[in-house]
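The stops below are given in the order in which to select them.

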Amino acid sequence: MTRGGPREGRNRSGGPLGVGSVRVLVPDRQTPAVEASLLTSPDECEIVMNDVLVEALGLDLLKPGHGIWRYRDDPHERERSSEPRTTY
């Protein structure tokens, strides 16, 4: 995932950062950026997406616990793997 610069400042104590651009980077297609509300949480150290963002990005979560997903328009047999976990 890439994140565009938020329109408001960083809030390390948790709460809204503003609105930014989110896109999924994959080697076989150019993906559109989607505007999303960016929030921080003192209890989270990795990126978390809600159901509205997942839908806006056109993702189908096949096995979320294992990081297996595909785009809504991918062939039915296509399975993509998430990148290894990154913490911030």
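Select Arg-80 to begin: it is buried, with a relative accessible area of 6%. Buried here means under 20% relative accessible area, exposed means over 50%, and partly exposed lies in between (1.4 Å probe, protein chains only). The model is a predicted one, in which local features need pLDDT of at least 70, side-chain atom pairs count only at pLDDT 80 or more, and totals for chains, interfaces and linings use all residues. Residues are numbered from 1 along each chain as its sequence is written, and side-chain values use heavy atoms, with hydrogens and water left out.

**Around Arg-80**

Arg-80 belongs to strand E6. Helices (H or I, at least four residues) and strands (E, at least two) are DSSP runs, numbered from the N terminus. Show the side chain of Asp-28 next: a polar contact of 3.0 Å joins it to the side chain of Arg-80. A polar contact is a pair of N or O atoms within 3.5 Å; within protein, one must be able to donate a hydrogen and the other to accept it, and residues adjacent in sequence count only if both atoms are side-chain atoms.

Now display what Arg-80 touches, leaving out residues up to four places away in sequence: Val-26, Asp-28, Arg-29, Gly-67, Ile-68, Trp-69, Arg-70, Tyr-71 and Asp-74. Contact means heavy atoms within 4.5 Å.

**The sheet E4-E5-E6**

Switch to a cartoon and pick the three strands of the open sheet, which has the order E4-E5-E6 and antiparallel pairing. Strand E4 (59–63) and strand E6 (80–81) are at the edges with a single partner strand each, so one side of each has no neighbour in the sheet. Two strands pair if DSSP finds at least two bridges between them.

Strand E5 (residues 68–71) pairs with E6 in the antiparallel sense over two bridges. Select Trp-69 and look across to E6, where its bridge partner is Arg-80. On the E4 side, the antiparallel pairing with E5 runs over four bridges. There Leu-61 stands opposite Trp-69, and Lys-63 stands opposite Ile-68.

Show the side chains of E5. Which way do they point? Ile-68 and Arg-70 point one way and Trp-69 and Tyr-71 the other, and all are buried.

A pair of aromatic rings is described by the distance of the centres and the angle of the planes. Rings of Phe, Tyr and Trp (its six-membered ring) pair if their centres lie within 6.5 Å; planes under 30 degrees apart count as stacked, over 60 as edge-to-face and the rest as tilted. The count by this rule is one aromatic pair. Trp-69 and Tyr-71 form it in an edge-to-face arrangement, 5.2 Å centre to centre with 80° between the planes.

**Two loop positions**

Go to Arg-78, in the loop between E5 and E6. Arg-78 counts as partly exposed, at 33% relative accessibility. Apart from neighbours within four places in sequence, Arg-78 is in contact with Asp-28, Leu-62 and Arg-70.

Then select Gly-58, in the loop between helix H1 (51–56) and E4. Is Gly-58 buried or exposed? It is buried, with a relative accessible area of 9%. Beyond residues up to four places away in sequence, Gly-58 touches Arg-70, Tyr-71 and Arg-72. A C-alpha distance drawn from Gly-58 to Pro-32 reads 9.9 Å, across 26 residues of sequence.

**Zooming out**

Show the whole chain, which has one helix and six strands. Along the sequence the pattern is β-β-β-α-β-β-β. Buried residues make up 26% of the 88 residues in the chain.
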